[in-house]
2 protein chains.
Amino acid sequence: MYGEIITIGDELTSGRTLNLNGWYAAGRLTAAGLKVTRITSVGDNYPMVAEALERALENSRFIIVTGGLGSTQDDKTSEIVAKALNRPLSLDQKMFRLLEEYAKARGLTITSSLEKMAWMPNGSRLLSPEGRACGFCLVEKGVRLYFLPGVPEQMRYLMDKVVIPELLSFYDEIPVTRSRILKLYGLTEPHIAEMFRELEDRTGDVVLGFYPQFPEIHITLSLRGEDEATVSGELDRVEAEIRQVMGTYIFAQGNESMEEVMGRLLVDRKLTLSLAESCTGGLIGHRITNVSGSSEYFQGGIVCYSNRAKIQLLGVKEKTLEEHGAVSEATAREMALGIRDALGADLGLAVTGIAGPTGGTPQKPVGMVFIGLATGDKIFAKGYRFWGTREEVKQQSATMALDWVRRYVTNNPFLPGI
Amino acid sequence: MYGEIITIGDELTSGRTLNLNGWYAAGRLTAAGLKVTRITSVGDNYPMVAEALERALENSRFIIVTGGLGSTQDDKTSEIVAKALNRPLSLDQKMFRLLEEYAKARGLTITSSLEKMAWMPNGSRLLSPEGRACGFCLVEKGVRLYFLPGVPEQMRYLMDKVVIPELLSFYDEIPVTRSRILKLYGLTEPHIAEMFRELEDRTGDVVLGFYPQFPEIHITLSLRGEDEATVSGELDRVEAEIRQVMGTYIFAQGNESMEEVMGRLLVDRKLTLSLAESCTGGLIGHRITNVSGSSEYFQGGIVCYSNRAKIQLLGVKEKTLEEHGAVSEATAREMALGIRDALGADLGLAVTGIAGPTGGTPQKPVGMVFIGLATGDKIFAKGYRFWGTREEVKQQSATMALDWVRRYVTNNPFLPGI
């Protein structure tokens, strides 16, 4: 089942806006076993939109179009479609009533620009009759065309609630397609490529994909087949083979993030965590607290950018800073211990390093980062050398620190350092 | 000067990867005054890539193609181009030598998959003869085609260093196009739309664009003209008009972020900042420390997710927490004062609130956030009600807090709260 996506808007072709809608639609269609052959972005103008529609009509069974359905002057999709497909605009009574209600609720009178949204190409069907989002569907030469708004929330709502279920019901001859994601951290690409070769004759028809998502690497397993049970069973088998080879480098299956995995493990074990961040500047705390419910295990932390903060808030000894420097294993240990005790948490996690681009020395270059973890009875600390920009060094430090907690809690060794 | 962008890769049409390359190329071309009419994403397969190339050749003066130039089996762009344009592959000696050196430096022997990267369609010219990135250019029917790797760093390097300068030198009949960005925070879209109407007869030929970048709003001013001086002069005039109407809501011109603006202002005034974050969980510190050199003014902070952390590390009174709650104006004041004194900074900035989705009450709903700022002689505090997801509430709280510092330092009033 082949289809295309057309995203409309000058903000896309001028590079002002990232094409999140195209990405989202493609991902959801693929996950549903529908194949997207092309994503085309064009500006809000007749010839380009019309050409894209005509071309897509030749090759596709379905077409998803986003953008240009709003009330402003730039929003010309309905008009363009009317002309390109020779389906004059007519007033959709239902939509008009919805717009009247919308205006009334806000004490407004309905303007011509608002009314515009109720004019649709002949033969269109409103996608959300309850008025949650504008958007319509029409069938042309046997091809189903879905026109969705460019507002991401509305577009996503209609994709998930209307478009995907409809497409699946119309094309139920689709064989089952299933895919899953394994997330890895700590292996380099050449390493994984080598492991893939090792696995070659054990993966059957499962297609393996390989997607670096800095600093993680994601592996996808996909399989098409006749029925759900066979497909899932075979994916289970191959996943087990991969797990055997890649072991504890796999930190998640599916969409769970490192901070979610870590949080889940801490909740399971009823452990609390406190945090002392230097070079990451708050990033680790930010990531941890992106997880709803993190207050259950995360007690808080300290961002100790200055030596003064390290001494005063964490009790790092002046002598340690003088002898070993702020970026050192010794300081990481004292920071971890200091924050654990200051907040009475089960675990104290600390990071100190040089994010760059300035501040490096031959002995302590940019990217050198020490991680410390104080537990009930032991303090661990180790140094790493990361590469990249300031933001990349921060991200790697944060992921490594979170991975330390994951590995500690699951009794796995930390990744080797420098 | 019209051109197109073609991005190649199954990871794009399947929605696994965001099309960052298309976005980047479109943005850079537009900024250089070159118009992009279409961005097409297709998978790594002959018919789709060939069709995209043929279509683009009919309509464009230049074509940027990204992806499929690496050494893996998926990388088929050179092969496809060779076939589609009838330009058989031949071995580029220069590229082959570069690859040999690359392999030698790593103690590897050159493999056939590596060698593949040196085979290019007849008539191609290497874009980076010094070997910084693979990529080639060829001219077909008067159209310049640039083939760039999918690796973002390499692609961006070649776009900026080679492609844009070359295109500008070839097409120097381009009239001058200049655009600039003004970044706003604190105004709603309807507000700005109203202000735009007010400005209508004062903007001459300058085209105004309006781009929400949550939680900021960016306004673009663009103008084409015959010469640099006239175009810049007119943009200056219109920018001044806009500034008159939008005043202190404009926090930056160009690419500067809120945290960079704040940092620059603190450096100018030789002020230091400390931070107490509750609901933002470290996000503000993360954003501040994304700016290189932030250690000059940022002393550090505390992430006080628990009451215990607020009491122990910041000296917030238990009584205050009992009487007013952790999310209150009184607590925000004490947090700000506490962190200012703990670190001996000039300014203490504090945020406490309910990020959601859980934890809200009728009196203190999700999205209620208090900001506090302790200065040399005064403490300010105020509550805001933000809307959206957990991440959105965090982002708005962070931006508002940074804006407080900007407004305090420039003697402007804080934005009104609840």
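**Notes on the two chains**

1. Let's start where the chains meet: 59 residues of chain A and 57 residues of chain B take part in the contact (two residues are in contact if their C-beta atoms, placed from the backbone, lie within 7 Å). On the side of chain A that touches chain B, strand 2 (residues 35-42) of chain A gives the largest share, 7 residues. That side of chain A has 24 nonpolar, 28 polar and 7 charged residues. Here Ala, Val, Leu, Ile, Met, Phe, Trp, Tyr, Cys and Pro count as nonpolar, Asp, Glu, Lys and Arg as charged, and the others, Gly among them, as polar.

2. A word on the basis of these notes: this is a predicted model, in which local features need pLDDT of at least 70, side-chain atom pairs count only at pLDDT 80 or more, and totals for chains, interfaces and linings use all residues. Residues are numbered from 1 along each chain as its sequence is written, while chains are lettered from A and ligands numbered from 1 in the order in which they are written.

3. Do look at strand 14 (residues 298-303) of chain A, which pairs with strand 14 (residues 298-303) of chain B in the antiparallel sense over 3 bridges. Pairing requires that DSSP finds at least two bridges between the strands. Within this pair, Gly301(A) stands opposite Val303(B).

4. Chain A has 15 helices and 17 strands; these are DSSP runs numbered from the N terminus, with helices being H or I of at least four residues and strands E of at least two. Its C-alpha trace spans about 80 × 60 × 40 Å along the principal axes.

5. Chain A is assigned domain 1 (2-170), domain 2 (176-253) and domain 3 (269-409), with bounds from an automatic or database domain assignment. Domains 2 and 3 of chain A have C-alpha centres 32 Å apart, and their contact takes 6 residues from domain 2 and 7 residues from domain 3.

6. Finally, helix 15 (residues 390-409) of chain B has 20 residues and reaches 29 Å from its first C-alpha to its last, close to the 28 Å expected (1.5 Å times one less than its number of residues). This helix 15 of chain B is largely enclosed by the rest of the structure, because 15 of its 20 residues are buried. Asn411(B) follows helix 15 of chain B, with a positive phi near 60 degrees.

Conventions:
A residue is buried if 20 or more other C-beta atoms lie within 10 Å of its own, exposed if 12 or fewer, and partly exposed in between; C-beta atoms are placed from the backbone.
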